[in-house]
Amino acid sequence: MPLEVIRASDLSVTYNSVAAVKDVSFSLIRADFVGLVGPNGSGKSTLIKAILGLIKPFRGEVFLFEKKLELFHEWHRVGYLPQRLTMMNPNFPCTVREVLSMAVSPIASKNKTAMIEQALEQLDIGDIGHKLIGDLSGGQQQRVFIARALVNNPELLVLDEPTAAIDPETRDAFYKLLRELNINRGVTIILVTHDTGTIGEHANKLLYLDKEIIFYGSFEEFCKSEYMSSLFGPASQHIICHKH
Ligand code: ADP
Ligand code: MG
């Protein structure tokens with residue numbers, strides 16, 4: 001049996017008694033690469049936060065690495081890039097290396113320096129490791145935060161709209177890195193994205209959320225589904241299914 005990295009069962013999340021995520025059930029196995037898409041406000045970020053235990057669901061259960069969320073403590077196995085880094089004050093006087101250093105798990109800290117250097121190298125930002133985070137451009141900061149999510153060599157990587165602030169060249173390199181981590185190291189990836197035109201080149205599964213799951217499965221199934229084409233119209237289905 002392949003390792004079940006995430007299982008969500010009958011998950012619902014409400015804010016002030018209004019449902020943001022409703023009756024969501026799905027599971028991911030090791031080395032799945034899921035594109036999580038859906039309109040603005042469809043509950044993508046909320047679903048991710050509930051899966052990572054950052055907000056309490058109204059109903060339902062989550063398992064991470066086959067352990068009930070409440071009993072799961074191996075957070076060094078998970079890398080997370082939030083959509084908005086509200087906890088990060090950009091004027092906080094710390095360097096890029098220090099940002100990564102604070103994220104290294106004590107379990108892995110034997111090779112702390114090597115881990116930091118590897119993450120910097122993966123994002124091609126070794127040359128700015130000594131700079132203050134507040135002195136960087138938005139795109140450079142985003143690369144630092146992606147590097148931070150990678151610093152513990154996570155087995156599960158959850159990225160909430162990581163490419164929103166980065167330039168096209170960096171984006172291509174970033175997708176290449178994700179593919180490499182996914183294929184060569186079996187990293188399981190959930191990528192929230194609006195890049196519906198290109199997500200099919202990288203991910204092997206599509207989760208289309210609109211509070212409820214509209215579709216979860218392979219791109220082949222999505223593209224063959226007459227129900228999906230009746231729901232989205234053949235034109236939108238074509239955008240997701242078109243591969244270069
Ligand atoms: P997405 O990431 O798909 O854009 P979100 O998960 O951010 O969607 O939001 C889903 C819905 O929940 C939206 O209607 C949003 O306004 C609402 N929402 C998100 N966060 C909060 C919050 N902290 N308090 C109240 N409502 C929220
Ligand atoms: Mg969001």
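This note sets out numbered points on the predicted model, covering its aromatic rings, metal site, backbone, pockets and selected contacts.

1. Basis of the note. In this predicted model, local features need pLDDT of at least 70 and side-chain atom pairs count only at pLDDT 80 or more, while totals for chains, interfaces and linings use all residues. Residues are numbered from 1 along each chain as its sequence is written, chains are lettered from A and ligands numbered from 1 in the order in which they are written, and side-chain values use heavy atoms, with hydrogens and water left out.

2. Aromatic pairs. The structure holds five aromatic pairs. The rings of phenylalanine 65 and phenylalanine 72 have planes at 15° and centres 5.8 Å apart, so this pair is stacked. The criterion applies to rings of Phe, Tyr and Trp (its six-membered ring) with centres within 6.5 Å; planes under 30 degrees apart count as stacked, over 60 as edge-to-face and the rest as tilted. Phenylalanine 174 and tyrosine 175 form a tilted pair, with 5.7 Å from centre to centre and 45° between the planes.

3. Surroundings of the rings. Phenylalanine 65 and phenylalanine 72 are both buried, where buried means under 20% relative accessible area, exposed over 50% and partly exposed in between (1.4 Å probe, protein chains only). Ring pairs also link Phe65, Phe72 and Trp75 into a cluster. Arginine 77 lies over the face of phenylalanine 65, at 4.0 Å from the ring centre; the rule for such a charge is that NZ of Lys or CZ of Arg is within 6 Å of the ring centre and within 35 degrees of the ring normal.

4. Phenylalanine 174 is placed in helix H5; helices (H or I, at least four residues) and strands (E, at least two) are DSSP runs, numbered from the N terminus. Its relative accessible area is 2%, so phenylalanine 174 is buried, and tyrosine 175 is buried at 4%. Between phenylalanine 174 and isoleucine 146 there are 28 residues of separation in sequence and 9.2 Å in space, C-alpha to C-alpha.

5. Magnesium site. Ser45 (OG) and Gln83 (OE1) coordinate the magnesium ion (ligand 2) at 2.1 Å. The pair links distant parts of the chain, 38 residues apart: serine 45 belongs to helix H1 (residues 44–51), and glutamine 83 to the loop between strand E6 (78–81) and helix H2 (96–103). Serine 45 is buried, with a relative accessible area of 18%, whereas glutamine 83 is partly exposed at 30%. Donors are N, O and S atoms within 2.8 Å of the metal (3.2 Å for Na, K and Ca), and water is not among the atoms, so sites may look incomplete.

6. Positive phi values. Serine 17 is a residue other than glycine with a positive phi, near 60°. Serine 17 lies in the loop between strand E1 (4–15) and strand E2 (18–29) and counts as exposed, at 73% relative accessibility. Glutamate 161, also not a glycine, has a phi near 50°. Glutamate 161 is in the loop between strand E7 (156–160) and helix H5 (168–185) and is buried, with a relative accessible area of 17%.

7. Largest pocket. Its volume is about 420 Å³, taken as the space filled by probe spheres set on grid points that are joined across faces, edges and corners. A pocket is an open set of points on a 1 Å grid over the protein atoms alone, where a 1.4 Å probe fits, with protein on both sides within 12 Å along at least five of seven lines; lining residues have an atom within 4 Å of a point. Of the 15 lining residues, Trp75, Val78, Gly79, Tyr80 and Ala103 are the closest to the centre of the largest pocket. E6, H2 and helix H4 (138–150) each supply at least two lining residues, and E6 gives the most, with three. The lining comprises 11 nonpolar, three polar and one charged residues. Here Ala, Val, Leu, Ile, Met, Phe, Trp, Tyr, Cys and Pro count as nonpolar, Asp, Glu, Lys and Arg as charged, and the others, Gly among them, as polar.

8. Second largest pocket. This pocket holds about 200 Å³ of space. Its lining has 14 residues, of which Ile55, Lys56, Pro57, Leu69 and Glu70 lie nearest the centre. Strand E4 (residues 59–64) contributes the largest share of this lining, four residues. By class, the lining divides into seven nonpolar, two polar and five charged residues.

9. Glutamate 74. Glutamate 74 is found in the loop between strand E5 (67–68) and E6 and is partly exposed, with a relative accessible area of 30%. Glutamate 74 and isoleucine 107 are 33 residues apart in sequence, with 9.3 Å between their C-alpha atoms.
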